[in-house]
Structure formats: structure tokens, C-alpha cells
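Student: I have the sequence and the coordinates open, and I would like to go through how the parts are arranged. Could we take it step by step?

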Amino acid sequence: MARFEDLLRPTREGLYCPPGDFYIDPVLPVGRALVTHGHADHARPGNGRVLATRRTLDIMALRYGEDFASERQAAGWGEAIRIGDVAVSFHPAGHVLGSAQIAVEWGGMRIVASGDYKRRADPTAEAFEPVPCDVFITEATFGLPVFRHPPAREEARKLLASTRRFPERAHLVGAYALGKAQRMIRLIRDEGYDEPIYIHGALKRLCDFYQSEGIDLGELRPATLERGAKADFAGAIVVGPPSAFADKWARRFPDPVSCFASGWMRVRQRARQRGVELPLIVSDHCDWDELVETIVEIAPQEVWVTHGREEALVRWCTLKNLRARPLHLVGYEDESD
Ligand SMILES: [Zn+2]
């Protein structure tokens, strides 16, 4: 009788599937990798063969160059692909554009590795689809009951209210380059803001990619500052990677309001440490309620919990008479939200 661990097991390189001889989101170079999404801690260059959604493959090529792997294969949504005796399929995870859960089937068992995922509506990512399975592997980035994300549109309204209140100040919105930046821009547009939005150069390629995939971000302009043109950015919204706002680049804008879009902005201390004046609680991960609701909905035999606050979610499962274990995978950041 085969066990679940015969189909998928944690290793130093990442989740390994012995009967298919492949890894999911390996953190070290391997012969064959299945990649859930384009964030740098899940999608790394240097693997032999890579199987991912077409959008994730495109994002990897944008970030790492066309030679990020020796061979690539695109998985269509829900398409069954055989690797040895194993059938794999990719299903939307709702995290960022192209992000997938990976279902792995063999010997009458099905395990779903969900990668990073969220359940909230987000027009910049394909909506999460629950996939029935025996083992559901879930992240737990915000796996504590204190984490409850407010509606994202309220956060966008907070930002726009601030621009009206301080029309002479530039609003610098820190947002990660893949997913969060485009989602913030779309949220601002959905609140009726149709002025040009200025973006840091580091966001250009991914914003262009989202636009080319049919996600309308409105008019984006480079946030390049000519000498003496400071006043041009009075009242403007400037979006850039959080790292850019720590350096000299940010100080050139007029009396900037420092904003940061992240699920971590729920934690006041983190906002203070970063010198964030206007924290925007916008997350591309599930909050506590969404994690437990998803587990109830999928109703697997077992839950495996990876990267994040594993213990609380494992304990919650145990109290619900659901078998659960932490996987203790290393190499996945919980900061990149
Ligand atoms: Zn991610």
C-alpha cells in the first residue's frame, strides 16, 4: 500500500516526487522542476527542464533571460500531463498572474501543492479554483488568527483620500514588482483614478507584460525626475519596489508620503520600522479565515503546511480531527508580500 510520502516528500531541494523524478518549486538547481509562480523564491533559474503555466514561463524569461532553463514546457489550465507514471495538472491559485496550484496523481492518490494562493477577488490574477484531493499542501504566511486582511478597495480609498488631503505631496507606494504593483495600480483605477500613475523603472517590464496580457493598468509614466521638475510630482502617485524607497531616489520627490502595500502592514511595528507613513494592508496571500475556510471547503484527508506560521494551522487542523503536519521547507520568504 503506497503512502502519500511515496508520491511527494520534502527534501533539501524542495518538494520531491520520486515516481515522477521531479521537484516542485526547487530552491536548488534540479533536472526537472515544476514551478507554481514567478516570485523569486519559487521560480529560480538554472534548472534543466521547467514545466509551468505559459505566463509563469514568460515571467521567468523576463526576469532571468530566455536561457533560464535548458528546456521549458507550458501547462494549460487543467491539462493532464504525464511525467513517468504520474499525472500532473495546473490550476489557478489567485496569487499573481499565471500562478498555479499543482495537482499530482499516482497510485490512486492525489496531492495538491497550492504554492502561494489567495481567495480574494483580484482582476490581475486568475481566480483560485478548489481542487478535490487527498492531501492539500497549504502555505501559512498569515497563519495566525490575528491576521485578517481588510477589503483591498478600502486600502486604495485610503490612498486616494490622502492624495486629496495632501495635494502638494507625492505619494510613494512601495509594492513588490510582480503582482502587488499591478494589483495596486488596478485597485486605484477601479476607484476611479484616471490620472497618469508614475512607476519606477524596475516595474516597467512586468507592468508592460500585464498590459500585454490584457490587464488594463491605464496610463503609466516613468517616474524619472529631471532637474528642477520636483513640482511635477506634487499630488502624484508613484509606485516602486519597496527597496527603491529607502534610497536617494525617493528623496527627490516633493515632501513624499511613504506608503507600503503589504499584508504585513497589519503589524504596526513593521510599518514603523520601515518609516511608513501610510500603511496599506493589501496581501496576495490568504488571511487566517481564508486559510481555514479553504481547508474546510476542500476537505482533504491530510493537510501539509509549509512556509510561514505552520504551528497554529497544524493545531487548528488537529482540533478539527484532521491529520496535519508541518513540512519545514526552507528557502521560501514570507516577506515578499
Ligand atoms: Zn508568491
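Tutor: What follows is a set of questions and answers on a predicted model.

Student: Are helices α3 and α4 roughly parallel or roughly perpendicular to each other?

Tutor: Helix α3, residues 152-165, and helix α4, residues 180-190, pack with their axes 9 Å apart and at an angle of about 75°. Angles of 65 to 115 degrees count as roughly perpendicular. The two helices, α3 and α4, are therefore roughly perpendicular.

Student: How many nonpolar residues does the contact of α3 with α4 have?

Tutor: On the α3 side the contact is made by Ala152, Arg153, Ala156, Leu159 and Leu160, and on the α4 side by Leu187, Ile188 and Asp190. By class, the contact has no polar residues and 2 charged ones, while the number of nonpolar residues is 6.

Student: Which strands stand at the edges of the open sheet of 7 strands?

Tutor: The order of this open sheet is β7-β8-β9-β10-β11-β18-β19, and its pairing is mixed. A strand at the edge has a single partner strand, so one side of it is left without a neighbour in the sheet, and this applies to β7 (81-83) and β19 (323-326).

Student: Why do the buried residues of α5 line one face of the helix, and what is their arc?

Tutor: The buried residues of α5 (residues 204-212) are Leu206, Phe209 and Tyr210, and what covers them includes α2 (54-64) and α4. Seen down the axis of α5, these residues line one face because they fall within an arc of 100°.

Student: How many other C-beta atoms lie within 10 Å of glutamate 277, which is partly exposed?

Tutor: Glutamate 277 is placed in the loop between α7 (268-273) and β17 (278-280). Leaving aside neighbours within four places in sequence, glutamate 277 is in contact with Val257 and Ser258. A residue is buried at 20 or more other C-beta atoms within 10 Å and exposed at 12 or fewer, and for the partly exposed glutamate 277 the number is 15.

Terms used: Residues numbered from 1 in each chain as written. Predicted model: local features only at pLDDT ≥ 70, side-chain atom pairs only at ≥ 80, totals over all residues. Axes fitted to C-alpha atoms, helices over the stretch in contact; angles between N-to-C directions. Helix = DSSP H or I, 4+ residues; strand = E, 2+ residues; numbered from the N terminus. Parallel < 35°, antiparallel > 145°, perpendicular 65-115°, else oblique. Contact = placed C-beta atoms within 7 Å. Nonpolar A, V, L, I, M, F, W, Y, C, P; charged D, E, K, R; others polar. Pairing = 2+ DSSP bridges. Arc of directions from axis to C-beta.
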